[in-house]
Amino acid sequence: MPTITFQCAISSTMVSYINLQGKPVPLHQSGTNWTGSLKLSVTDTLDIAYTITGITESPWTLAVTVDCPGGKPASIFSANGNIPSGGSVGDTKTVKVSANPCAPKSEP
Amino acid sequence: MRLLFLIAAFVATGLFGSAQESLYQSGNGETAIYLRQSTTAVNLGDSKASVAYIDRTNIHPYSWGVEAYATANTGVASLFASTQPKAPEGGGSGTLVRHYILAKRPVVGAGAGPAKEDWLLVDGGYGRSSFYIYPTNAAPSTSTAKTSFERFRTILAYNYFAGGDRILGFAAGAERRNNLSNLKSTSQQTVVVAGAPGSTSSIVTTQAGYYGNYKVYIAAPIYTDALFYLPGKVMVPGFDNRIGVDLFTRSDLAAVNRGSAGGIGIFLFKKSDPLSSIGGLTASYDGTNFQVSLTAGICFSK
């Protein structure tokens, strides 16, 4: 089982939360950006749960990535939208993760 | 005409905000809503510039912040205020915050429900200023010594964010203040070279100061704010900013200077970050004076 460090970045006006495989990711605030990382052993899927709060109608973004040495981070999951009425948005997703997310994808 | 000028001035504040800052303040810089962003801010109404840093990690119940500030002589943007002199002042403050007091931390994932968050904080501050005092019934003197004033403040504040469109704030505490704003801003002139006999000209030096009975006292401020965001489709023509309306009260329960003022503030916020105000207009009334002030924010942090 490979161990992968997942980088999480959420942009929203109020506090936001994300769990990977059920574990909360500590996110540090810098203005509207909340960033943090979590090292996990994963097989082939990653469970993502998030709740983002903010002022209604303001934009939010979420990105889960893996840092790749000497290259662009590999995207694992991303989502975005506007905060709905009520001030929060949340969802759970399961995404596939390869053993080496930084490996170049083979051409079809 | 006055209304047109007000609208023009309000809209013009948007031009000052090359970047944004979180501030929901009455014209004199007081607030009961403590937001949590690293900011550099300029409050034109209070002639106050400040730099703030707040450290928070989402899963920790506590966060902290520090701020350094400096104020200039007088507010530069009070439109219809009575003359309230202020001395230049520098200082700093620190806050310790506890999150989720009455509100519960949201469930993470689907079904989070409406947003609710509250925070309780202690705000301690220190400021120092120096100025010349010309006491009532004292003859002008060229050897008037500067008076220094040290301001101390401890405020306990509670803020509640709910439903995505409202933030309520209550703050109370104690602050060592002076009555400089009640004194008369004056200048003492000293003749350096007297004019020739019959001439009306002479060379003088002037020294700015404050005339009256100077007092230092302990105030017991109580501030309340209720900030409501209007729907995004409500906009100032020509701007796509969000609009927030802040209903506020500013009271002092201490017997020395007991009083209360209430007012309304209208703020323009960056559309992508509605906690960042790019400018605002506040109007307050304390039973005697009506004051309208502009507030503009500048921020290098997003």
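Guide: A term is needed before the details: two strands count as paired if DSSP finds at least two bridges between them. The model is a predicted one. In general, strands of a sheet pair through backbone hydrogen bonds, in either a parallel or an antiparallel way.

In chain A, 5 strands make an open sheet, and their order across it is 4-5-1-7-8. The pairing is antiparallel. From one strand to the next, the twist averages 15°.

Take the end of the sheet with strand 8 of chain A. Its partner is strand 7 (residues 59–66) of chain A, and the two are joined in the antiparallel sense over 8 bridges. Within this pair, A:V64 stands opposite A:F77, which belongs to strand 8 of chain A.

The sheet can now be placed in its chain. Chain A has 9 strands and 0 helices. Of the contacts in chain A with a separation of 6 or more, 63% are between residues 24 or more positions apart. Buried residues account for 39% of the 108 residues in chain A.

In total, 34 residues of chain A are in contact with 30 residues of chain B. Among the elements that give two or more residues to this side of chain A are strand 4 and strand 5 (33–41) of chain A. By class, this side of chain A has 12 nonpolar, 20 polar and 2 charged residues.

Terms used. Residues numbered from 1 in each chain as written. Chains lettered and ligands numbered in written order. Predicted model: local features only at pLDDT ≥ 70, side-chain atom pairs only at ≥ 80, totals over all residues. Helix = DSSP H or I, 4+ residues; strand = E, 2+ residues; numbered from the N terminus. Axes fitted to C-alpha atoms, helices over the stretch in contact; angles between N-to-C directions. Contact = placed C-beta atoms within 7 Å. Nonpolar A, V, L, I, M, F, W, Y, C, P; charged D, E, K, R; others polar. Buried ≥ 20, exposed ≤ 12 C-beta atoms within 10 Å, placed from the backbone.
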